[in-house]
Amino acid sequence: MVRIAVVGAGIIGLSSAISIQRSFPDVKTITLITEKLSPHTTGDGAAGVWSPYLLGDTPEKDVYRWAKATHDFLHNQWRTEDGGVIGISMLPVIRVVSEEETSDPMWKDIVFGFRKMKLDELAVFKKPSLKTGYSFVSFTCEAAKLLPYFLDIFKRSGGNVVIRRVDNITELQHEFDIVVNCTGVQANRIVPDPLVQPKRGQVMRVLAPTVKWAILEDDDDGNYIIPNQDAVVLGGTHQEGDWNTEVYSEDTVHITKGCFRIIPSLKNAQVFKEWVGLRPGRPAVRLEMEKIGISSQGKIPFTVIHNYGHGGSGLTLFWGCALRTTDLVKNALELHYQPSKYVPRSKL
Ligand SMILES: Cc1cc2nc3c(=O)[nH]c(=O)nc-3n(C[C@H](O)[C@H](O)[C@H](O)COP(=O)(O)OP(=O)(O)OC[C@H]3O[C@@H](n4cnc5c(N)ncnc54)[C@H](O)[C@@H]3O)c2cc1C
């Protein structure tokens with residue numbers, strides 16, 4: 001019997017676990033190994049707007065495919081009765097930047113109602129350097145609501161959850177044949193992969209029910225305002241290589257000053273909490289199969305499928321990456337285990 005484990009229960013790990021579980025009903029038990037569960041993963045604090053961001057040199061065709069599949073997933077889920085409960089909302093977004101962008105973004109046909117804004121429309125942001133703006137309709141996917149739902153599906157479908165800290169991915173070699181590595185920024189240590197570095201993000205959650213649009217400034221020193229269902233998320237920072245998860249008071253000043261400039265009434269909004277998370281930055285997302293040594297069952301390669309390094313876009317890419325991960329598991333099974341039944345695409 002083939003033994004499969006997924007390490008990591010953030011948005012990348014849990015979506016991969018569910019997709020694999022649905023696609024291989026013959027594999028009786030899939031084990032999810034994780035140090036922490038929601039609400040203690042990176043996505044839990046993120047605003048979760050669908051919008052490709054901080055992805056380094058990840059090939060555009062991959063970003064497009066994964067982002068489109070995730071957008072389709074969010075749209076389908078949003079259209080179900082549970083869409084709201086599981087944290088998926090549709091909302092208008094404005095994305096602005098101080099650079100003159102001559103070609104439209106590659107994701108423009110994925111979103112609804114994409115429109116390039118006129119220069120005089122950008123004046124409202126009171127940032128004279130702004131040169132380009134896009135208006136479109138997108139989704140927010142709140143991991144704090146979606147992850148418990150995913151975990152419930154995983155367990156009810158026979159998945160096994162083990163709370164455990166893994167120090168090195170190879171330590172699982174004697175317990176499993178295929179391991180899917182979804183450890184986010186901790187892949188730096190567990191693989192180890194020094195290319196993975198944190199992009200530290202600090203945000204503030206406030207009560208501001210009159211704010212209904214997401215506004216994203218794409219500049220290095222930019223701010224953002226993203227409505228979630230129970231709060232509005234004000235941001236933000238992206239400090240490269242900074243592992244500190246304490247709140248910095250200078251970042252609080254940057255966030256409040258910038259966001260109050262865009263929407264002055266936020267000054268009176270009640271602050272719920274401030275939070276810091278570490279985006280898993282990498283020159284490119286790592287989504288590939290690696291064969292390491294021999295598993296304990298005999299002469300079969302111990303196969304690791306890496307799925308990490310999604311930077312500021314884990315909630316924009318997760319479902320497309322979960323489907324690709326599932327294809328890689330299928331390849332590994334075909335090479336070594338010959339599965340008798342494979343369901344090509346999850347119905348979730
Ligand atoms: C401030 C901020 C705002 C963001 N906003 C957005 C946004 O609007 N839209 C968007 O698309 N993305 C956004 N992101 C990015 C997004 O949150 C991440 O890309 C995504 O959450 C990464 O998910 P992950 O599952 O790879 O990592 P994580 O959520 O970090 O999950 C890693 C998992 O691995 C487990 N793990 C780690 N080490 C070990 C170990 N040694 N042993 C066992 N288990 C281990 C952890 O416990 C955890 O369960 C934002 C991020 C931040 C910080």
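## The ligand shell, a pocket and some backbone details

Strand β13 gives the most to the shell around the ligand, with four residues, where a residue belongs to the shell if one of its heavy atoms lies within 4 Å of the ligand. The structure is a predicted model, in which local features need pLDDT of at least 70 and side-chain atom pairs count only at pLDDT 80 or more, while totals for chains, interfaces and linings use all residues. Residues are numbered from 1 along each chain as its sequence is written, and side-chain values use heavy atoms, with hydrogens and water left out.

There are 37 residues around the ligand, and those that come nearest are K36, T42, V166, G311 and T316. By type, the shell divides into 13 nonpolar, 18 polar and six charged residues; here Ala, Val, Leu, Ile, Met, Phe, Trp, Tyr, Cys and Pro count as nonpolar, Asp, Glu, Lys and Arg as charged, and the others, Gly among them, as polar.

| Residue (backbone atom) | Ligand atom | Distance |
|---|---|---|
| I11 | oxygen | 3.4 Å |
| E35 | nitrogen | 3.0 Å |
| K36 | oxygen | 2.9 Å |

Taken alone, the ligand exposes 1,000 Å², and the protein buries 96% of that area, as computed by the Shrake-Rupley method with a 1.4 Å probe. Besides β13 (270-281), the elements that give two or more residues to the shell are α1 (11-23), α2 (42-45), α5 (187-190), β8 (197-207) and α7 (314-336).

The second largest pocket has a volume of about 640 Å³. On a 1 Å grid over the protein atoms alone, a pocket is an open set of points with protein on both sides within 12 Å along at least five of seven lines, and its lining residues have an atom within 4 Å of a point. Of the 24 residues that line this pocket, P52, Y53, R95, E101 and D218 are the closest to its centre. Both α3 (60-78) and β3 (88-97) supply at least two residues of the lining, and β3 gives the most, with three. The lining divides into twelve nonpolar, four polar and eight charged residues.

Rings of Phe, Tyr and Trp (its six-membered ring) pair if their centres lie within 6.5 Å, and planes under 30 degrees apart count as stacked, over 60 as edge-to-face and the rest as tilted. The count by this rule is 13 aromatic pairs. In one of them, the ring centres of F73 and F318 are 5.6 Å apart and the planes stand at 85°, so this pair is edge-to-face. Because F73 lies in helix α3 and F318 in helix α7, the pair ties together parts that are 245 residues apart in sequence.

Most residues other than glycine have a negative phi, and most peptide bonds are trans. The bond that joins S38 and P39, however, is cis, with omega about 15°, and P39 is placed in the loop between β2 (30-34) and α2. Another cis bond runs from G235 to G236, with omega near -10°.

Methods
A polar contact is a pair of N or O atoms within 3.5 Å; within protein, one must be able to donate a hydrogen and the other to accept it, and residues adjacent in sequence count only if both atoms are side-chain atoms. On a 1 Å grid over the protein atoms alone, a cavity is a set of points where a 1.4 Å probe fits but cannot get out, and a pocket is an open set with protein on both sides within 12 Å along at least five of seven lines; lining residues have an atom within 4 Å of a point. Grid points are joined across faces, edges and corners, and a volume is the space filled by probe spheres set on the points.
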